[in-house]
Amino acid sequence: MLIKNGTLYDAINRDPYVADIRLEDGKITQIGGGLLPKEGEEIFDASGLRVYPGFIDAHCHIGLDNYGQGAVGWDYNEMGDYVAPHLRGIDSFNPHEQGVRMALEAGVTTVCTGPGSANVLGGTFLAVKTKGNCVDDMIVKEPVAMKCAFGENPKRCYSDKGISARMTTAAKLREMLFKAREYMEKKDAAGDDKSKCPAFDMKLEALIPVLRGDIPLKAHAHRADDICTAIRIAKEFGVKMTIEHCTEGHLIVNELARSGYPVAVGPTLTGASKLELVNKSFDTPGILAAAGLEVSIITDAPVIPQEYLPLCAGLAVNAGMDPFDALRAITINPAKHIGIADRVGSIEVGKDADLVVTDGDALVSSTKVIAVILDGERVK
């Protein structure tokens, strides 16, 4: 396909520009002016239209929440075990869930989805494209991260099983990391001598990639003190981490900036359904971005429907966020956040041909999505 004369908002250059884009074998192969069609090449005239990278959500649960079935159908929280690092989001993902299709039609071409926040450790997330019949064929990266949670949710879900205070949640996470580190060290010391290996433990095995730095902890933390606890524990064990939700991040900007961890802000288009959300504001992503943090905006779908991801970025702009920062918060920043920026998140030669064509500003609710292209194929 050759897209002609579109106005490109590539998430790399601050100023948009008019150019052609050639798509071949699912990749962007050329960007420039006056590209001549090749024989048999499909031409898409984007004159007067805007072309964006496919939008990306760094944190949601679509494909696992079984759209329309309510709590009875949810497959993203294991309610029988508060420490469950051995679970894999891929094993609950349903590519035929209606929410996946709705995301695609809105231009959300890649999502990072996985377990919820009921558990201290909930299992691994995966990054997928939003079109396909089998999750194994949709994967961009798996695993992406190991979910852990602080704050109210583990307390609320497991108060009858020994978690009734924030310090207990922190202690349970530390305990598992200590055990996993000891388990890993024994395995390493045993080398090829299987007789010296510790007894197999699936939960501890699942935490080895975290301790080796292969994947980060994906830390659910709303309140400022929970964010600080997450940072404290990550530093103690020398592991990578991303901070998810970051509702009160604007209260601890300096601490977040010093930590260097990427932050994903949201869901913000909701009411304050629990005490730790009382300081929720669309000001937060703009404040953090202005302080130099790498900010992603997230829906936490189904908390906010996935198709409203661009709207959430637009509301952040209304609250004072720089429009270019807001665009990057739903494109290249989430791609970096989940470790797939080599493939998606911007319009650049060599990247996957995932594009959204609109008739106006994509962050404005009245704008219509004219076309969605995923892996070089027009899917809308």
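The largest pocket has a volume of about 590 Å³. This is a predicted model. In total, 32 residues line the pocket. Nearest its centre lie S117, N153, K274, D300 and V303. Helix α2 (residues 152–158) supplies the largest share of the lining, three residues. By class, 17 lining residues are polar, ten are nonpolar and five are charged.

Now to the charged pairs. Side chains of opposite charge can pair when their charged atoms come close. The count here comes to 24 salt bridges.

Start at the strands. D20 pairs with K4, their closest N and O atoms 2.8 Å apart. D20 sits in strand β2 (residues 17–24) and K4 in strand β1 (residues 2–8), so the two are 16 residues apart and the pair links distant parts of the chain. D20 has 1% relative accessibility and therefore counts as buried, since the cut-off is under 20%. K4 counts as buried too, because its value is 16%.

Next comes helix α3 (residues 166–190). R166 in this helix forms a salt bridge with E276, at 3.4 Å from N to O. E276 lies in the loop between β12 (263–265) and α7 (283–290), 110 residues from R166. Both R166 and E276 are buried.

R174 forms a salt bridge with E236, with the closest N and O atoms 2.8 Å apart. R174 lies in helix α3 and E236 in helix α5 (residues 224–237), so this pair ties together parts that are 62 residues apart in sequence. R174 is partly exposed at 21% relative accessibility. E236, at 40%, is also partly exposed.

Finally, a network of salt bridges links K27, K129, R343, D352, D354 and D375.

Technical notes: Residues numbered from 1 in each chain as written. Predicted model: local features only at pLDDT ≥ 70, side-chain atom pairs only at ≥ 80, totals over all residues. Heavy atoms only, no water. 1 Å grid on protein atoms, 1.4 Å probe; cavity = no way out; pocket = protein on both sides within 12 Å on 5 of 7 lines; lining within 4 Å. Points joined across faces, edges and corners; volume = space filled by probe spheres on them. Helix = DSSP H or I, 4+ residues; strand = E, 2+ residues; numbered from the N terminus. Nonpolar A, V, L, I, M, F, W, Y, C, P; charged D, E, K, R; others polar. Salt bridge = Lys/Arg side-chain N within 4 Å of Asp/Glu carboxyl O. Buried < 20%, exposed > 50% of the residue type's maximum accessible area, 1.4 Å probe, protein only.
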